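Please look over the structure below before reading my comments.

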Amino acid sequence: LAGDGAGAESRTEFHRFKVENANREAIARYFPQAYRGRAIVFMSSGRDFDAGEDPRLEWLELIDPPPEIVYVDGADSGDVISPSHVSAFAATLLERLDASAALGASR
């Protein structure tokens, strides 16, 4: 490698490949289980399912009591934490954490 950036690009691709493979292996081993407790589900608002059912909502069946759903700006979960959206997401998350802490303190 001549130091023209190809080495860094190759390392980036290698790490991306490792992460993708690790994700595939984790998905293959994962068995969803019910969660009993209070939860808030943050979902990206920019997904379009062509007037079909949002498959992300299937997770809600595993949570009891039903969770609060908070939609945040972004096309998908990766975009939610992109530089253009992460500040708004962080502010929303902090607001929910503060509200939860205040609720816990009042009990």
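The points below take up a serine, a pocket and a core.

1. Basis. This is a predicted model: local features need pLDDT of at least 70, side-chain atom pairs count only at pLDDT 80 or more, and totals for chains, interfaces and linings use all residues. Residues are numbered from 1 along each chain as its sequence is written, and side-chain values use heavy atoms, without hydrogens and water.

2. Ser44. This residue is found in strand E2, residues 40-44 (a strand is a DSSP run of E, at least two residues, numbered from the N terminus). Ser44 counts as buried because its relative accessibility is 6% (buried means under 20% relative accessible area, with a 1.4 Å probe and protein chains only).

3. Contacts of Ser44. Leaving aside neighbours within four places in sequence, Ser44 is in contact with residues including Arg56, Tyr71, Asp76 and Val80 (contact means heavy atoms within 4.5 Å).

4. Pocket lining. Ser44 also lines the largest pocket, and Arg56, Asp76 and Val80 are among the other lining residues (a pocket is an open set of points on a 1 Å grid over the protein atoms alone, where a 1.4 Å probe fits, with protein on both sides within 12 Å along at least five of seven lines; lining residues have an atom within 4 Å of a point). E2 gives the largest share of this lining, three residues.

5. Core. Ala39, Val41, Met43, Leu60 and Ile63 form the largest nonpolar core (buried Ala, Val, Leu, Ile, Met, Phe, Trp, Tyr and Cys residues joined through side-chain atoms within 4.5 Å). Met43 is also in the lining of the largest pocket.

Note on methods. Helices (H or I, at least four residues) and strands (E, at least two) are DSSP runs, numbered from the N terminus. Buried means under 20% relative accessible area, exposed over 50%, partly exposed in between (1.4 Å probe, protein chains only).
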